[in-house]
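Dear colleague,

I am handing over the structure below, together with notes on what was found in it. Please read the notes with the coordinates open beside them.

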Amino acid sequence: MIRTLYRPKAGPFRTDLQPGEFAAALQDADGLLWVDFSGTPPDEDAPILLDTFGFHPLAVDDALQEAHVPKVDDWGQYLYIALHAVVFDKDAQDGEHVDTHELDIFLGKRYLVTHHDEPIAAVDRVWTNCQRDERHLTAGADHLLYELADGLVADYMSVVDEMDDAIDRIEDEVFAKPTSDTLARIFQLKRSVLHLRRIISPQREVLNKLARDDYPVIDARDRVYFRDVYDHLVRLYDINESLRDLVGGALDTYLSVINNRMNDIMRTLTVITTLFMPISFAAGFFGMNFFQPIENPLKVWTSNPVFILALVVMFLTPVGMYLWIRRRGWV
Amino acid sequence: MIRTLYRPKAGPFRTDLQPGEFAAALQDADGLLWVDFSGTPPDEDAPILLDTFGFHPLAVDDALQEAHVPKVDDWGQYLYIALHAVVFDKDAQDGEHVDTHELDIFLGKRYLVTHHDEPIAAVDRVWTNCQRDERHLTAGADHLLYELADGLVADYMSVVDEMDDAIDRIEDEVFAKPTSDTLARIFQLKRSVLHLRRIISPQREVLNKLARDDYPVIDARDRVYFRDVYDHLVRLYDINESLRDLVGGALDTYLSVINNRMNDIMRTLTVITTLFMPISFAAGFFGMNFFQPIENPLKVWTSNPVFILALVVMFLTPVGMYLWIRRRGWV
Amino acid sequence: MIRTLYRPKAGPFRTDLQPGEFAAALQDADGLLWVDFSGTPPDEDAPILLDTFGFHPLAVDDALQEAHVPKVDDWGQYLYIALHAVVFDKDAQDGEHVDTHELDIFLGKRYLVTHHDEPIAAVDRVWTNCQRDERHLTAGADHLLYELADGLVADYMSVVDEMDDAIDRIEDEVFAKPTSDTLARIFQLKRSVLHLRRIISPQREVLNKLARDDYPVIDARDRVYFRDVYDHLVRLYDINESLRDLVGGALDTYLSVINNRMNDIMRTLTVITTLFMPISFAAGFFGMNFFQPIENPLKVWTSNPVFILALVVMFLTPVGMYLWIRRRGWV
Amino acid sequence: MIRTLYRPKAGPFRTDLQPGEFAAALQDADGLLWVDFSGTPPDEDAPILLDTFGFHPLAVDDALQEAHVPKVDDWGQYLYIALHAVVFDKDAQDGEHVDTHELDIFLGKRYLVTHHDEPIAAVDRVWTNCQRDERHLTAGADHLLYELADGLVADYMSVVDEMDDAIDRIEDEVFAKPTSDTLARIFQLKRSVLHLRRIISPQREVLNKLARDDYPVIDARDRVYFRDVYDHLVRLYDINESLRDLVGGALDTYLSVINNRMNDIMRTLTVITTLFMPISFAAGFFGMNFFQPIENPLKVWTSNPVFILALVVMFLTPVGMYLWIRRRGWV
Amino acid sequence: MIRTLYRPKAGPFRTDLQPGEFAAALQDADGLLWVDFSGTPPDEDAPILLDTFGFHPLAVDDALQEAHVPKVDDWGQYLYIALHAVVFDKDAQDGEHVDTHELDIFLGKRYLVTHHDEPIAAVDRVWTNCQRDERHLTAGADHLLYELADGLVADYMSVVDEMDDAIDRIEDEVFAKPTSDTLARIFQLKRSVLHLRRIISPQREVLNKLARDDYPVIDARDRVYFRDVYDHLVRLYDINESLRDLVGGALDTYLSVINNRMNDIMRTLTVITTLFMPISFAAGFFGMNFFQPIENPLKVWTSNPVFILALVVMFLTPVGMYLWIRRRGWV
């Protein structure tokens with residue numbers, strides 16, 4: 001789907017521009033044009049980007065291939081910027097995880113071209129705001145870019161908060177009832193945190209460049225806004241690092257708790273064995289055929305006093321063992 | 001609560017300035033004004049900060065949202081500085097842990113504006129000193145900032161000392177009687193240390209900038225004081241790193257001690273099994289029905305000499321096993 | 001094998017140039033010569049490289065020894081560039097692993113010399129393209145270099161994708177049925193990822209230099225193409241780092257799963273022992289010869305009521321043990 | 001204790017200068033004064049440092065508080081330098097460990113002021129040398145500083161050597177007879193190494209600054225001496241890093257050796273159980289009351305041939321088990 | 001032993017120069033002198049180095065003490081360079097390990113002084129080459145230095161190859177038959193790799209400086225040769241890092257394999273216990289004295305049908321257990 005927002009220098013605000021009219025709109029030195037390509041096939045986009053807008057083939061190539069880390073390229077008349085939107089899929093079959101969708105942006109002095117394969121919530125929000133209130137378009141194309149970047153980062157913030165909650169839930173689970181599924185979820189979260197890290201870090205660099213460097217298509221007075229988004233990304237990166245520590249801690253806890261349980265299990269096994277093995281031997285001893293009742297000189301071994309003695313031994317041995325075990329702190 | 005300290009160029013020291021009088025006070029080129037917003041609602045603060053003081057909306061936004069890593073922004077006429085105060089909550093339900101509260105500061109040539117949601121001990125101490133002794137105000141707004149920063153860092157120092165003690169107590173506990181609760185407390189401390197690290201490190205950078213860079217609102221001769229606070233933060237960071245090592249060491253010790261105990265338990269199990277299994281078999285052997293007393297050619301197997309022999313075997317086997325075990329160093 | 005492609009200023013395109021004709025071709029200021037040494041013995045290459053092309057002995061030495069990390073050396077009239085092609089050997093006897101082959105390139109203003117010991121797919125592809133369509137040669141020697149670099153990097157991309165799949169398969173295997181062979185394959189993959197990392201990182205630097213620095217033999221307008229390859233390498237490095245994390249995660253998972261299984265096994269052992277040891281003792285107890293049927297005052301111990309009682313004990317003990325175990329969460 | 005060395009421009013060498021005479025000595029443009037404060041109370045030192053020498057309050061504060069990482073502050077007329085001396089306490093109750101004592105130095109053009117709370121061997125050695133041979137004082141105050149730094153570093157070297165020996169002893173112990181005490185000592189050593197690291201690293205930076213930067217109180221020709229001390233510190237840091245690796249290796253070895261022992265223990269348990277459980281069952285089988293001698297159709301089960309068979313089974317089962325175990329490499 | 005090579009401006013090549021003749025040789029502006037001190041006592045070397053050559057006392061001190069990391073000091077008229085030769089001792093009593101010997105070099109415009117305590121193979125090779133072919137001396141002192149450095153690095157390469165082989169052998173051993181000795185050898189190799197790393201890294205820096213910086217005693221045209229040695233060291237460092245990864249991998253494999261074996265052992269123990277404990281109880285049950293043949297109402301419990309039933313139970317219980325165990329994947 002290709003949709004357009006066009007505020008001409010003179011005349012009414014339009015949302016129904018056709019691709020054939022782009023060239024004329026770009027000539028309007030005081031107008032502002034926003035074209036959004038959403039999930040359109042490459043062979044439909046490419047001619048518009050290459051011919052109508054005149055972008056460099058390499059830049060168009062970067063935009064149409066959905067596989068880039070965030071970056072900003074200065075092509076003089078326009079900037080090519082790749083950012084990533086984030087989605088936290090809580091109900092995915094393979095556990096809650098984080099997905100990112102690439103958002104490619106061409107920023108010119110009087111136009112903004114956005115391209116994405118999947119719908120992106122932040123883009124839709126800014127789009128709706130622009131339709132509702134025309135003034136969003138009067139601040140210029142670079143301010144629109146700021147609103148997009150700000151919207152993307154706000155989504156990151158809520159994703160990171162949800163991940164924080166997920167880690168808290170897992171930590172409680174680890175101490176309460178650690179299962180193999182807990183382990184799988186810890187690793188899933190670890191992967192999400194690492195994934196976010198790899199995205200936030202270059203995205204931060206992009207905003208840093210926008211805030212610091214001198215680009216012809218960005219008004220110097222607007223840089224302070226990019227600086228603000230940059231600060232949010234710095235904080236995000238920071239929180240994400242702390243999530244990494246927490247996930248790592250959860251894994252360590254898991255292993256320690258499993259170790260503790262193993263210890264418990266082995267202790268029980270050892271206690272049971274220690275208590276019963278000696279007296280089982282005693283019982284077996286008196287079950288030997290040496291002590292048959294008939295004409296046996298050893299008959300005295302099965303007399304009543306010996307029985308009393310055996311009972312006493314069978315009672316005292318486990319008691320002694322138990323006391324010894326207790327002194328070692330095993331029960 | 002909004003409170004003010006005002007030392008006008010001429011006339012008496014005042015603490016009862018109303019927000020409406022701020023504008024006039026700011027005109028006084030030789031006066032000094034300190035306004036402290038403590039836990040006031042954002043919609044009460046915002047107009048004063050935006051309109052009366054004329055701070056940039058982005059800076060005010062940063063101040064009102066309690067979610068920033070320490071930083072310093074130079075807005076020309078004033079500096080926006082975010083610092084963090086520290087609190088060590090020893091009696092929290094979920095274990096002793098460290099909390100930090102954000103302190104936002106606007107530093108102008110003749111005024112200081114502080115904003116915080118929670119009461120901060122260091123701010124109150126400096127406030128009280130200023131009220132008690134007017135001279136604290138004569139050294140200028142930047143010197144007030146130094147006193148605040150110095151107070152905050154002093155609190156860090158005592159928190160770090162308390163954490164050091166907590167680690168010492170845990171280390172003793174690990175060697176003496178490690179429990180699952182010990183483990184939880186080690187992880188809680190680890191988290192506190194990591195939290196402090198993330199706060200101290202950018203805070204150190206803020207002070208470094210204040211000590212090194214040329215800001216119009218900071219007197220060049222006062223930079224040496226910020227350098228002093230910076231040195232304290234370098235040392236703090238250092239100590240915190242060593243706490244991190246110690247906590248990591250405590251965890252390693254915990255796991256090693258648990259491992260040692262498991263070893264002990266298994267050794268006991270093995271010794272008991274090794275001693276009793278062979279003689280239990282011997283007892284079972286002579287309990288077989290082959291050796292019935294009646295008309296049995298195998299009757300000789302239950303004769304007295306054999307009994308003596310069996311007794312000897314039953315005595316010597318465990319002794320031999322014990323000696324073998326002993327040679328392997330297991331008992 | 002030495003093969004040549006020669007597009008002279010005037011006259012037809014030639015592929016049959018003999019080494020003796022190189023000198024003349026190099027004099028042709030508007031021609032373009034590509035010589036490819038593929039697996040030729042050093043003593044055949046050396047004289048051509050040293051005498052005909054006049055390369056520095058150290059550069060020729062670097063080219064003939066197959067043992068260099070990627071690098072670029074500026075020798076003024078020409079660049080010496082070492083790159084690596086990648087091959088993923090899935091059917092190797094010692095498990096799937098990654099191999100790299102060195103590709104040495106001398107880039108002059110009007111010629112390109114490539115040298116490799118093993119056949120390299122990317123070189124052959126570019127060669128075929130050049131033969132099929134002469135225009136590949138008209139863009140200049142530096143554009144040929146770009147096509148070679150782009151081809152090499154495309155191969156990396158597919159190798160990295162295959163490794164990604166291999167890791168996915170191993171992860172499923174780890175959770176399903178971890179064996180000693182799984183472990184060996186995890187380590188093999190880890191080694192491949194580390195190997196790639198050591199190659200991609202300097203290769204990225206080489207492309208960065210080609211894109212950024214001013215070399216006499218590279219047209220400034222062509223640098224943007226090397227920048228594009230550089231961006232692909234940045235992304236590759238990034239993906240490779242995430243593979244590293246995933247392999248590390250797979251190893252951690254493996255150990256955790258093994259640990260979980262050990263826990264399971266020990267729990268079973270303990271449950272069985274706990275259930276049967278006490279009642280085995282009980283059975284042994286009543287097997288003692290004290291309770292012989294003949295003229296024995298203890299005869300009452302083997303009467304029917306006692307039997308009922310013993311049966312009850314033998315039934316209730318394991319039930320009680322089971323309930324206790326269940327409360328501890330072991331079954 | 002305050003002690004002084006004074007070599008006036010003219011007249012005899014003096015060691016009995018009183019604090020009241022310092023001011024006069026400082027006026028002597030060609031004399032050299034060394035004042036050493038050793039464990040004196042702060043309220044005794046402060047006035048001399050502040051008033052007589054005129055040091056900045058912040059610098060004096062740094063000197064009197066014993067809690068700084070090594071650093072150098074340039075106050076123009078003088079340098080404030082904090083270094084650390086090292087002591088290896090081999091007989092401490094809580095294991096051999098490393099202590100460091102702070103040495104604060106004020107270096108002026110014609111004077112050296114040293115301040116320390118604990119006696120420091122290197123200071124005493126240099127002091128004695130100066131008393132014995134006046135020429136040590138003629139080379140200037142900066143050369144005295146060099147001698148002090150050199151002496152401190154020499155002490156580090158011997159401490160590091162002793163720690164190296166301690167690690168060697170522990171390594172032998174780990175392979176021979178690892179105990180819980182070994183573990184505690186490994187962690188103690190690890191702590192010492194980390195402590196040294198935190199001290200050596202900034203100390204190295206201090207010497208680097210002295211060797212590299214241009215300070216008015218240090219003769220440019222003497223910088224080469226500080227460079228020499230710097231080189232020693234580089235090497236020290238290096239050796240310390242290798243000690244860190246060795247201690248880490250000792251801990252890994254400890255855990256591996258413990259793991260090996262556990263393996264041994266479990267193997268023995270399994271072998272004993274595997275050998276005796278089957279034949280114990282066989283013995284129990286023939287102990288059942290089915291095979292009573294009196295009027296029993298099953299009497300044949302207890303006949304002599306069956307006995308022989310049972311004996312054979314009882315002999316062959318363990319032999320078979322043993323062979324199977326042996327093939328698996330457990331014995 | 002002190003040996004000399006002297007190529008005077010005029011006259012024959014000499015190898016018999018006496019220390020007394022050095023001073024004269026140094027005056028010869030077009031000659032070239034190489035003096036090699038091999039294991040000579042310091043008090044013999046020092047006067048020659050200090051007085052005849054006039055080296056700075058600190059530089060001579062560095063040369064005579066065998067305890068420096070590689071470095072280069074520029075003393076204006078000459079360079080002091082410390083390099084390390086490497087030896088791989090395969091037959092050492094405490095396992096194969098790497099040793100390094102310091103080689104101290106003074107490089108002047110017309111002379112080279114080398115000093116080492118142990119014989120160094122690379123020095124001897126270059127020496128022999130010079131004796132055999134005088135032209136090695138005509139290229140200047142800096143070219144001799146290049147030949148020495150190149151020779152040292154070539155030795156590193158072969159040592160690293162031998163270590164690579166050693167790691168391969170150990171890896172095979174780990175999977176085949178891991179013993180306590182394997183562990184000790186892994187740690188020995190780890191130490192060697194770490195040792196090499198600490199030497200190669202500064203050595204690389206030395207060569208980088210020689211290749212890059214402007215030294216009066218090094219001909220600018222010869223820098224390209226040092227660049228070549230530098231490239232080899234870069235590659236060496238790289239390979240060494242990969243050895244470090246491989247050794248770390250071998251240790252991880254070792255622990256995993258040991259863990260797997262432990263798992264195996266415990267599984268066997270559990271299987272044996274699970275199979276035999278229930279039927280041992282059954283046998284014990286029927287061995288109780290309740291079922292005496294004489295005048296016993298319970299006599300029916302020992303009748304033939306019950307015996308058949310008991311046999312069936314004794315056969316089916318282990319079969320059922322086995323099937324359950326099998327379903328869990330333990331056999």
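The contact between chain D and chain E takes 50 residues from chain D and 54 residues from chain E, where contact means heavy atoms within 4.5 Å. Before going further, please note that this is a predicted model, in which local features need pLDDT of at least 70 and side-chain atom pairs count only at pLDDT 80 or more, while totals for chains, interfaces and linings use all residues. Residues are numbered from 1 along each chain as its sequence is written, chains are lettered from A and ligands numbered from 1 in the order in which they are written, and side-chain values use heavy atoms, with hydrogens and water left out.

Between chain D and chain E the buried area (the accessible area, with a 1.4 Å probe, that two parts lose on being put together, summed over both) is about 4,300 Å², and carbon and sulfur atoms give 67% of that area. On the chain D side, the residues that lose the most area to chain E are Phe281(D), Asn289(D) and Phe290(D), which together account for 15% of what that side buries. Five salt bridges are found across the interface of chain D and chain E, a salt bridge being a side-chain nitrogen of Lys or Arg within 4 Å of a carboxyl oxygen of Asp or Glu. Arg328(D) and Asp264(E) meet through their side chains in a salt bridge, at 2.7 Å from N to O.

Chain C and chain A also form an interface, with 49 residues from chain C and 54 residues from chain A in the contact. The area buried between chain C and chain A is about 4,300 Å², with 67% given by carbon and sulfur atoms, and in chain C it is Phe281(C), Asn289(C) and Phe290(C) that lose the most area to chain A, together 15% of what that side buries. Five salt bridges are counted between chain C and chain A; Asp245(C) forms a salt bridge with Arg198(A), with the closest N and O atoms 3.5 Å apart.

Two other chain pairs do not touch. The nearest C-alpha atoms of chain A and chain E are 9 Å apart, without contact, and no contact joins chain B and chain E, whose closest C-alpha atoms also lie 9 Å apart.

Turning to the helices, these are DSSP runs (H or I, at least four residues), numbered from the N terminus, and their axes are lines fitted to C-alpha atoms over the stretch in contact, with angles from 0 to 180 degrees between N-to-C directions. Helix 7 (residues 180-212) of chain D packs against helix 8 (residues 223-285) of chain D at an angle of about 160°, with the axes 8 Å apart. Helix 7 of chain D is therefore roughly antiparallel to helix 8 of chain D, since angles over 145 degrees count as roughly antiparallel and those under 35 as roughly parallel. The contact of these two helices of chain D has 23 nonpolar, six polar and eight charged residues, where Ala, Val, Leu, Ile, Met, Phe, Trp, Tyr, Cys and Pro count as nonpolar, Asp, Glu, Lys and Arg as charged, and the others, Gly among them, as polar.

With kind regards

Note on methods:
Helices (H or I, at least four residues) and strands (E, at least two) are DSSP runs, numbered from the N terminus. Angles under 35 degrees count as roughly parallel, over 145 as roughly antiparallel, 65 to 115 as roughly perpendicular and the rest as oblique.
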